[in-house]
Amino acid sequence: MRAVLTWRDKAEQCIYDLAFKPDGTQLILAAGNRLLVYDTSDGTLLQPLKGHKDTVYCVAYAKDGLWSPEQKSVSKHKSSSKITCCSWTNDGQYLALGMFNGIISIRNKNGEEKVKIERPGGSLSPIWSICWNPSREEHNDILAVADWGQKLSFYQLSGKQIGKDRSLNFDPCCLSYFTKGEYILLGGSDKQVSLFTKDGVRLGTVGEQNSWVWTCKVKPDSNYVVVGCQDGTISFYQLIFSTVHGLYKDRYAYRDSMTDVIVQHLITEQKVRIKCKELVKKIAIYKNRLAIQLPEKILIYELYSDDSSDMHYRVKEKIVKKFECNLLVVCADHIILCQEKRLQCLSFSGVKEREWQMESLIRYIKVIGGPPGREGLLVGLKNGQILKIFVDNLFAIVLLKQATAVRCLDMSASRNKLAVVDENDTCLVYDIHTKELLFQEPNANSVAWNTQCEDMLCFSGGGYLNIKASTFPVHQQKLQGFVVGYNGSKIFCLHVFSMSAVEVPQSAPMYQYLDRKMFKEAYQIACLGVTDTDWRELAMEALEGLEFETAKKAFTRVQDLRYLELINSIEERKKRGETNNDLFLADVFSYQGKFHEAAKLYKRSGHENLALDMYTDLRMFEYAKDFLGSGDPKETKMLITKQADWARNINEPKAAVEMYISAGEHVKAVEISGDHGWIDTLIDIARKLDKAEREPLLMCAYYFKKLDNPGYAAETYLKIGDLKSLVQLHVETQRWDEAFALGEKHPEFKDDIYVPYAQWLAENDRFEEAQKAFHKAGRQREAVRVLEQLTHNAVVESRFNDAAYYYWMLSMQCLDIAQDPAQKDAMLDKFRHFQHLAELYHSYHAIQRYTEEPFSFHLPETLFNISRFLLHSLTKDTPLGISKVNTLFTLAKQSKALGAYKLARHAYDKLQGLQIPARFQKSIELGSLTIRSKPFHDSEELVPLCYRCSTNNPLLNNLGNVCINCRQPFVFSASSYEVLHLVEFYLEEGISDEEAVSLIDLEAPRHKRENKWQEITSNNSQTLRLDETTDSMGDDPFTAKLSFEQGGSEFVPVVVSRSVLRSMSRRDVLIKRWPPPLQWQYFRSLLPDASITMCPSCFQMFHSEDYELLVLQHTCCPYCRRRIDDPSP
């Protein structure tokens, strides 16, 4: 505490009392019989007031209007002794009176005495000054009493004394409180004004005078004190209460109420108060130590525990000795006293261990840490010298010397840099090792390095806080007070008497580092404390600067997985050998939404395709087109294609089709149009496309078929010349006429047409047509299989006429297959077998109809011939479906009817040995009986004649359908089954079919000649031939009657020579022109006048009249069903 004289004046007489105007602007003094009014700001005498004739002992300003001149009467009360002083309580309810006899009387407003306090000194200790404490924070009214027993005492309103009497060692003449009641002023016979705490602890002297001090008062709500003396001197002082405090990292200790010490933890905001009950002169704190200097001793405290947040202190040592020092520093085991130029190191027991003498006044001292007992001190001198001292070393180390005096010092965390504030308010930063001045900044009153960052410091001054990172410009913000510490993002600031921890975002220095692309340093700053926005900005800047490690840490801090994945992918690519930073940066820009910058970088790195992909993925097609400009048409097409893809995905197919067409992506255009059934669009596309573009055209055709427009599909196939697909189209749509027409022009597609056609026919129960189609397609196996199935079905269903037809067709197909040499023999055997079955079923058809139906369509002679033909043919196994019972039954009935009784009897006898159906049982039994009444012979008219040898053959021939004499096979009519007047002949060896036909066609004139037969007998055969060596031609061998009996049982065929062929008439010869490998068969009609017709397809023989009638009935051959309008044989 210091008292600074503001102004002084001198009146002519003793100053007994004074009073301030409530607002503190004016001062009234009682000087003799005059009142003097002064201006408190500069001590100007405003006016003297005259009116009192005697000495004025007391003055006061009216405050609450307790008394006014208008009041008619004033209450008066008697006192037991002379009243020397008085004082009202704060609420104006009680009045304390100090009396000459040493008694204090406390009365209420009515003058009634409530409390009477008798002082121990009695009349020897007159009460010279009393005053109630004006503090409104106190719970009780406290009365301060000063008497001439040289004592200071305190009482409650109840009269109870507070504490003990305080000895003053002088006679007090005046006593007054500060406005808030925290301090007391006392003046008197010691010719000075003393400052006391509210508890009566003397703090110091305000001002020494030349005479007794009769009055002293405090200017309202201020630290100004006015003193009035016996000699008339008026002194106006300003009291300056200096801050007594200490700071180490996050612990701050400061003096409170002059006698208390409060230790504050700046991070946790915890506080602890240590009451010393004496004036605290100096405070020092270091780690777990706290040193407090009192007027007569030094107390050293320590923490109870090593917990960083522990706030419980206990006394460790007391050094009971009075020390005079300017600065106090405490270490782990020592205290350091600074007095002017001298530093003393004392142990906690008070023993001086070491002393250092400086060249100049010590202005600043600070402990900078170190091991216990060997701590280092940083010392700044007035002459600008800065030293480092170790408490265990007698020699000081000069760090550097500057021209100006040191006011404040701090060393960076790594001990590499030193910050100095000089007397010119300049902050200077030095490199400790090189002594180089790194930079300096003006307007600084204190400085502090950041304990967590080497390159950051802050300094205060001029109402601003300045934060400086590295060599960057200073960042300022408003701040009142002094900076005393800087830890991470917290700045510890002392303003007047309060210490506060200010949270300062480190954004500004971080951005300064970012501007210089110093990402790692920026990250260190960010770790001290910045906002999430700043973290993101750091991450982005580091990413753009390709500082992936820093970016990864920053993105981790803001939990941005998207960018972390990007960084991870880039790092993976770098591991694989990619080194193109432009490409990496382009990826970063594209992630940030800086698409145009990304596109430029992609282009610069030679990856235009990535830029296009980026634009198209973002649907920025216009930007993509601008990026391409008038570039590669392929790229433009690709872009339009992607735009179309997008239109397609967002369900705008019309727009997509148009874009695909303009991009040349006809396949996709066709696909969309087809899927949506847009026939018109498909037609336009198909007609505009070149025939070389097969894929889209084929797809058009596919959709035409799918959408049931085969005509457009056919047009498309024709355009591209895909005849095979056209054939398939006709087949699929069953447009058989178009397919057949195409097959005629292009035989190679015959198989592709007829096979499906045959299958379709078969599926539609048109098996005969299907069989023909298979046959036409060359699918003999399928054709045969269909025919076999048809035949079997026909037999099972008793459609024997159809069965005959199918067997004939089977035989013809076997004949076709027989052209293959590998299958010739087997197929020819099958051919003969099927031909035989066809003849059997054809003939049996009449029998079946006769026996099953009520009416018969055949003549009895025909049924008679058919039944005989069947019996002669069924010499071995009976084919499926043919009934011997039916055949014999028919034969028996027709024989009986025609007069062939012998044959009828034979038939009835045969029937007796067979299983007869019930429906025939009676008829057969009756017939068997009645036939016995008939003659035992057959009618001569029914006996068949051999036209070769003119032999009558029996009706029942054991040899079968051959002559019993010459063994010549009979040729039957396929309708009436009569024996035809035909004889088969064979060509002489060496005569081909063509030559034979040409010879027959010559129609040579006939000469009468004698036929000469030549019979040649060999081991295996007999051959009868016409001799042509004689000059005479002889008769025709087919017309000559052969009456002799042929010897031997072997059949001797008729073999003709060229001359005989020449003699034949073309109309008398019938030729069965079998396809190879069969040979043609030649037949000679022996009765030229009886016309015979042969079907050119199946080569069956008919009487011409019968054939014509049947053809008229059926419009086709009754055997092979060849239509009469069919030109093919």
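Begin by selecting Trp808, Tyr841, Leu982 and Met1101: among the 63 residues of the largest nonpolar core, these touch the most other members. A nonpolar core here is a set of buried Ala, Val, Leu, Ile, Met, Phe, Trp, Tyr and Cys residues joined through side-chain atoms within 4.5 Å. Buried means under 20% relative accessible area, exposed means over 50%, and partly exposed is in between (1.4 Å probe, protein chains only).

Before you click on, remember that this is a predicted model, where local features need pLDDT of at least 70, side-chain atom pairs count only at pLDDT 80 or more, and totals for chains, interfaces and linings use all residues. Residues are numbered from 1 along each chain as its sequence is written, and side-chain values use heavy atoms, with hydrogens and water left out.

Helices (H or I, at least four residues) and strands (E, at least two) are DSSP runs, numbered from the N terminus.

Zoom in on Leu982. Leaving aside residues up to four places away in sequence, Leu982 touches Val971, Leu1070, Phe1083, Arg1084, Ser1085, Ile1092 and Met1101 (contact means heavy atoms within 4.5 Å). Apart from this core lies another one, of 49 residues, including Val263, Leu299, Tyr301 and Leu387.

**Ring spotting**

Next up, aromatics. Rings of Phe, Tyr and Trp (its six-membered ring) pair if their centres lie within 6.5 Å; planes under 30 degrees apart count as stacked, over 60 as edge-to-face and the rest as tilted. By this rule there are 29 aromatic pairs. Select Tyr252 and Tyr254, a stacked pair at 5.3 Å centre to centre with 25° between the planes. Is Tyr252 buried or exposed? Tyr252 is buried, with a relative accessible area of 0%, and Tyr254 is buried too, at 9%.

Then jump to Tyr805 and Tyr806. Their ring centres are 5.6 Å apart and their planes are at 50°, so this pair is tilted. Tyr805 counts as buried at 3% relative accessibility, and Tyr806 counts as buried at 3%.

For a group view, pick Tyr16, Tyr57, Trp128, Trp148, Trp212 and Trp214, which form one aromatic cluster.

A charge can sit over a ring as well, if NZ of Lys or CZ of Arg is within 6 Å of the ring centre and within 35 degrees of the ring normal. Show Lys219, which lies over the face of Tyr224 at 5.3 Å from the ring centre. Arg562 lies over the face of Tyr563, at 5.2 Å from the ring centre.

Two strands pair if DSSP finds at least two bridges between them. β29 and β30 (334-339) pair over four bridges, and Val330 stands opposite Ile335 in β30.

Last stop: another open sheet of four strands, ordered β33-β34-β35-β36, with antiparallel pairing. Its edge strands are β33 (362-367) and β36 (397-401). Strand β35 (385-390) is joined to β36 by four bridges. Click Gln385 and look for its bridge partner in β36, Lys401.
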